[in-house]
Amino acid sequence: MLDFKFKSMTKLLLILMISVPFCPSSSKAQNKPQPIVSTPYYRQQLIGKWGIYVSIANGSSILYNVCPKISFNPDNSAEIVYPDGSKEKMKWEMLENAVLDINANHTFTYPPYQIDFKQMKEYMELTLSSKDKRRSYILRRLPE
């Protein structure tokens with residue numbers, strides 16, 4: 001009886017070993033080319049008013065009680081309005097591979113930034129991460 005079970009298990013393993021290489025694997029599915037989202041898409045998503053909610057420097061987070069607001073305009077200009085009412089103007093440019101170049105200023109000190117949009121349930125979130133990983137910002141789209 002034991003010999004019969006052993007032979008049955010051996011046959012089953014042999015069948016599995018032969019059939020597995022012909023099954024589609026999940027790793028091959030992950031290697032499929034992903035659709036490329038174009039630079040104009042990112043540019044269009046960026047234009048508008050945003051609140052800077054979190055600033056991350058070398059792994060330490062700063063959460064803002066009253067957040068600075070930034071407006072990205074279609075003419076590649078932007079303006080930051082700080083909680084005290086002071087303003088700062090700057091220029092920006094959308095580069096390939098979802099990279100945002102902003103002229104260095106008081107807030108954005110380590111350009112360029114990799115951008116990542118996430119649609120949350122109640123708002124759009126934008127993460128700006130410096131290429132050297134020294135600084136990141138989390139912004140939320142503000143109502144118009």
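**Ground rules**

I number residues from 1 along each chain as its sequence is written, and my side-chain values use heavy atoms, with hydrogens and water left out. Because the model is predicted, I take local features only at pLDDT of at least 70 and side-chain atom pairs only at pLDDT 80 or more, while totals for chains, interfaces and linings use all residues.

**Entry 1: the overall picture**

I started with the elements and found three helices and nine strands. Here helices (H or I, at least four residues) and strands (E, at least two) are DSSP runs, numbered from the N terminus. Read from the N terminus, the order is α-α-α-β-β-β-β-β-β-β-β-β.

Next I looked up the surface. The protein exposes about 10200 Å², and carbon and sulfur atoms supply 60% of that. Accessible areas come from the Shrake-Rupley method with a 1.4 Å probe, and for residues only the protein chains shown count as cover. Of the 144 residues, 31% are buried. I use buried for under 20% relative accessible area, exposed for over 50%, and partly exposed for anything in between (1.4 Å probe, protein chains only).

I also checked contacts, meaning heavy atoms within 4.5 Å. Among contacts with a separation of 6 or more, 37% are between residues 24 or more positions apart.

**Entry 2: following the strands**

I call two strands paired if DSSP finds at least two bridges between them. I began at β5 (residues 87–95). β5 pairs with β6 (residues 99–102) in the antiparallel sense over four bridges, and M94 stands opposite L100 in β6. The two form a hairpin with three residues between them, and N97 in that turn has a positive phi of about 60°.

From there I moved on to β7, which β6 joins through two bridges, running antiparallel. V99 has Q114 in β7 as its bridge partner.

**Entry 3: a stop at β8**

How many bridges join β7 to β8? I found seven between β7 (residues 113–119) and β8, which run antiparallel. A hairpin of four residues links this pair, and K118 faces E125 in β8.

On to β9 (residues 135–141): five bridges join β8 to β9, again antiparallel. T127 stands opposite I138 in β9. This hairpin has four residues between its strands, with K133 in the turn at a positive phi of about 65°.

I then asked how covered β8 is, and seven of its seven residues are buried. M124, L126, L128 and S130 point one way, and E125, T127 and S129 the other.

S129 got a closer look. S129 sits in β8 (residues 124–130) and counts as buried at 19% relative accessibility. Beyond residues up to four places away in sequence, S129 touches P112, Y113, Q114, R135 and S136.

**Entry 4: the nonpolar core**

A nonpolar core is a set of buried Ala, Val, Leu, Ile, Met, Phe, Trp, Tyr and Cys residues joined through side-chain atoms within 4.5 Å. The largest has 24 residues, of which I70, F72, L100, F108, I115 and L128 touch the most other members. Leaving aside neighbours within four places in sequence, I70 has contacts that include W50, I52, I80, M90, F108 and L139.

**Entry 5: the salt bridge**

I looked for salt bridges (a side-chain nitrogen of Lys or Arg within 4 Å of a carboxyl oxygen of Asp or Glu). The structure holds one, between K89 and E79 at 3.0 Å, N to O. K89 lies in β5 and E79 in β4 (residues 77–81), so the pair ties together parts ten residues apart in sequence. K89 is exposed, at 66% relative accessible area.
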